[in-house]
Amino acid sequence: MRHKAMLASVFAALLALRESASAEEIVKKHSGVIVAIADDAGTFVLAEVGPWQVRNGATVITYRTITLMPETQFAMMGRADDASSGFPGDFVEVVLGPEAVYLNDFVTAECRQEGKRLLALKITVAELAAEAESGEETLR
């Protein structure tokens, strides 16, 4: 009988942990290159490499469809010679609008998962060495 009571208390504790974990918002980061943008710019496809895997001699790429929301934030991360930290070449973040995010940009998407959907909370673009070509498709 004592064994059943102990098992019941362990089960109850596990249920409580599960409920508290699901109540918290879990944010996951996905990094890669934007390889497609929907016509309505409401979603985009990210080609992500990682964790590093090779199959049949080729790097495994995971394609993730990410949905933008009205509250999605956009930023660019890059180095600045005159960073506010006082360290030349330190990383700084600059706020962007969705119109400044292009096809083929390398981004990190901070996402909340709802079912199978990834909802973008923040998109951070890595600073590019060269200017983006005009006429490229953007997230608007």
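Which residue takes a positive phi in the hairpin of β8 and β9? Point 5 comes back to this; the notes below start with the overall picture.

1. **What you are looking at.** This is a predicted model, in which local features need pLDDT of at least 70 and side-chain atom pairs count only at pLDDT 80 or more, while totals for chains, interfaces and linings use all residues. Residues are numbered from 1 along each chain as its sequence is written, and side-chain values use heavy atoms, with hydrogens and water left out.

2. **Overall make-up.** The protein has 1 helix and 9 strands, in the order α-β-β-β-β-β-β-β-β-β along the sequence. Helices (H or I, at least four residues) and strands (E, at least two) are DSSP runs, numbered from the N terminus. Of the 140 residues, 26% are buried; buried means under 20% relative accessible area, exposed over 50%, and partly exposed in between (1.4 Å probe, protein chains only). The protein exposes about 9,900 Å², with carbon and sulfur atoms supplying 56% of that area; accessible areas come from the Shrake-Rupley method with a 1.4 Å probe, and for residues only the protein chains shown count as cover. Among contacts (heavy atoms within 4.5 Å) with a separation of 6 or more, 54% are between residues 24 or more positions apart.

3. In soluble globular proteins, nonpolar side chains tend to be buried together. Here the largest nonpolar core has 16 residues, and those with the most contacts inside it are Ile 34, Phe 44, Ile 66, Leu 68, Val 107 and Ile 123. At least two core residues come from each of β1 (27–37), β2 (43–48), β8 (106–114) and β9 (117–126). β9 gives the largest share, 4 residues. The term covers a set of buried Ala, Val, Leu, Ile, Met, Phe, Trp, Tyr and Cys residues joined through side-chain atoms within 4.5 Å.

4. **β9 and its partners.** Two strands count as paired if DSSP finds at least two bridges between them. β8 and β9 run antiparallel and are joined by 8 bridges, with Val 107 opposite Val 125 of β9. Strand β6 (residues 73–80) pairs with β9 in the parallel sense over 5 bridges, and Phe 74 has Ile 123 of β9 as its bridge partner.

5. **The turn between β8 and β9.** Back to the opening question: Gly 115 takes the positive phi, near 65°, in this hairpin, which has 2 residues between the strands.

6. The side chains of Arg 64 and Glu 48 form a salt bridge, at 2.4 Å from N to O. Arg 64 lies in strand β5 (residues 62–67) and Glu 48 in strand β2, so the pair links parts that are 16 residues apart in sequence. Arg 64 is partly exposed at 24% relative accessible area, whereas Glu 48 is buried at 9%.

7. **The other salt bridges.** How many salt bridges does a search of the whole structure find? The search finds 3, where a salt bridge is a side-chain nitrogen of Lys or Arg within 4 Å of a carboxyl oxygen of Asp or Glu. Glu 93 and Lys 122 form one of them, with the closest N and O atoms 2.7 Å apart. Glu 93 lies in strand β7 (residues 90–96) and Lys 122 in strand β9, so this pair ties together parts 29 residues apart in sequence. Glu 93 is partly exposed, at 44% relative accessible area, while Lys 122 counts as buried at 16%.

8. **Arg 112 up close.** Arg 112 is found in strand β8 and is buried, with a relative accessible area of 19%. Its side chain meets that of Glu 114 in a salt bridge (3.2 Å, N to O), and Glu 114 is partly exposed at 43% relative accessibility. Leaving aside neighbours within four places in sequence, Arg 112 is in contact with Glu 25, Ile 26, Met 69, Arg 117, Leu 118, Leu 119 and Leu 121.
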